[in-house]
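Thanks for coming. I will go through one structure this morning, so please have a look at it before I start.

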Amino acid sequence: MTVSFHRFVRTALTLVMAAALFALPAQAVDLPAATSDPVLTITMGDDVYPLDSDGLRALPAVEFTTTTIWTEGPQTFVGLRVTELLERLGVDSGTLTLMAANDYQVDVDVSSFEPDGAILAYDRNGRAMGLRDKGPVWMVYPYDSDSKFRSELIYSNSIWQLDRIIVTR
């Protein structure tokens, strides 16, 4: 009888702890809500986070000037660091599938992003980028700052006309 009672208590405690774990709120995502048409849509499982231009610009921005293999002369980019976005999403592992307006896509391991690396640029040379100008978002790296940003892999990850990110953990 005592063994059955202890098994019952152990089973009941296990069920209570499991219920408590499932009742925990999902990690809060720290992104502004879109109030107009999104320029970038982020999907994590069943959750979708649309970012409009104002929301993207409301996030902490960085600026750097670099040359690219697709443009002439130095270009000044402003945008959100990918590492900042990952932190706001609560993502520290997995893969980002980055998709362009024309459905071109690249898969990038989350661990490859560095604090001094890629940004989701929305301005180039002081102006918002439209589709004809590689926008609305272009993932660019500070190519001139370090040789680690001048490789075929980095160039292939530098996706322009970026409008969707799918997070896979």
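Threonine 97 sits in strand E5, residues 95–100; helices (H or I, at least four residues) and strands (E, at least two) are DSSP runs, numbered from the N terminus. This is a predicted model, where local features need pLDDT of at least 70 and side-chain atom pairs count only at pLDDT 80 or more, while totals for chains, interfaces and linings use all residues. Residues are numbered from 1 along each chain as its sequence is written, and side-chain values use heavy atoms, with hydrogens and water left out.

Is threonine 97 buried or exposed? Its relative accessibility is 11%, so threonine 97 counts as buried; buried means under 20% relative accessible area, exposed over 50%, and partly exposed in between, with a 1.4 Å probe and protein chains only. Beyond its neighbours within four places in sequence, threonine 97 is in contact with residues including Asp107 and Arg164, contact being heavy atoms within 4.5 Å.

Now the sheet. It is open, with 5 strands in the order E2-E1-E10-E5-E6 and mixed pairing; two strands pair if DSSP finds at least two bridges between them. At the edges are strand E2 (47–52) and strand E6 (105–109), each pairing on one side only. Strand E1, residues 38–44, pairs with E2 in the antiparallel sense over 6 bridges. In that region, leucine 40 is opposite leucine 51 of E2.

On to the aromatic rings. The whole structure has 10 aromatic pairs. Rings of Phe, Tyr and Trp (its six-membered ring) pair if their centres lie within 6.5 Å; planes under 30 degrees apart count as stacked, over 60 as edge-to-face and the rest as tilted. For tryptophan 70 and tryptophan 160, the ring centres are 5.5 Å apart and the planes at 75°, so this pair is edge-to-face. Tryptophan 70 is in the loop between strands E3 (62–66) and E4 (75–81), and tryptophan 160 in the loop between helix H4 (152–157) and strand E10 (162–168), so the pair ties together parts 90 residues apart in sequence. Tryptophan 70 is partly exposed at 26%, and tryptophan 160 is partly exposed at 30%.

Tyrosine 141 and tyrosine 143 make a tilted pair, 6.2 Å centre to centre with 50° between the planes. Both of these tyrosines are buried.

Last, lysine 134 lies over the face of tryptophan 160, 4.5 Å from the ring centre. A charge sits over a ring if NZ of Lys or CZ of Arg is within 6 Å of the ring centre and within 35 degrees of the ring normal.
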